[in-house]
Amino acid sequence: MNFIKQKRVALNLTQQELADKAHLSKNSILNYESGKRSPKISDLIKIAQALDCYASELINEDGE
């Protein structure tokens, strides 16, 4: 499971709620979670702040 989705689900947030908290579009969150797109560093930081974690926690070090 994608680390962004894993953290979001653990916090019982919808994609829309995460998008609102991170000031991003729901479509961006959907694309990041599905692996269709990789977030820019600035977006990754916004998502991490919204999920109350470090950006490094959302990155798979194996590159998967």
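The model is predicted: local features need a pLDDT of at least 70, side-chain atom pairs count only at pLDDT 80 or more, and totals for chains, interfaces and linings use all residues. Residues are numbered from 1 along each chain as its sequence is written, and side-chain values use heavy atoms, with hydrogens and water left out. Here pLDDT is the predictor's confidence in each residue, on a scale from 0 to 100. The chain averages a pLDDT of 92, and 91% of the residues score at least 70. Among the elements of the chain, H1 has the lowest mean pLDDT, 95, while H2 has the highest, 98.

A nonpolar core is a set of buried Ala, Val, Leu, Ile, Met, Phe, Trp, Tyr and Cys residues joined through side-chain atoms within 4.5 Å. Buried means under 20% relative accessible area, exposed means over 50%, and partly exposed lies in between (1.4 Å probe, protein chains only). The largest nonpolar core has 15 residues, and those with the most contacts inside it are Ile4, Leu18, Ile29, Ile47, Leu51 and Leu58. Helix H2 (15–22), helix H3 (26–34) and helix H4 (41–50) each give two or more residues to this core, with the largest share, 4 residues, coming from H4. What does Leu58 touch? Counting contacts as heavy atoms within 4.5 Å, and leaving out residues up to four places away in sequence, Leu58 touches Phe3, Ile4, Lys7, Leu44, Ile47, Ala48, Leu51 and Cys53.

Now look at H4 itself. Its buried residues are Asp43, Leu44, Ile47, Ala48 and Ala50. Seen down the axis of H4, they fall within an arc of 160°, so they line one face of the helix; the arc is that of the directions from the helix axis to the C-beta atoms. An α-helix has 3.6 residues a turn, so residues three or four places apart point the same way. The buried residues of H4 pack against helix H1 (3–10), H2 and H3. On the face turned away from the buried side sit the exposed residues Ile41 and Gln49. Ile41 has a relative accessible area of 60%. After H4 comes Asp52, with a positive phi near 55°.

Next comes H3, where Ser28, Ile29, Asn31, Tyr32 and Glu33 are buried. These buried residues pack against H1, H2 and H4. Asn31 has a relative accessible area of 13%. Just after H3, Gly35 takes a positive phi of about 85°.

Finally, how many salt bridges are there? If a salt bridge is a side-chain nitrogen of Lys or Arg within 4 Å of a carboxyl oxygen of Asp or Glu, the count comes to 2. In one of them, Lys7 pairs with Glu57, and the closest N and O atoms are 2.9 Å apart. Lys7 lies in helix H1 and Glu57 in the segment after H4, so the pair ties together parts that are 50 residues apart in sequence. Lys7 is partly exposed at 29% relative accessible area, and Glu57 is partly exposed at 33%. Arg8 and Glu33 also meet through their side chains in a salt bridge, 2.6 Å from N to O. This pair links helix H1 with helix H3, 25 residues apart. Both Arg8 and Glu33 are buried.
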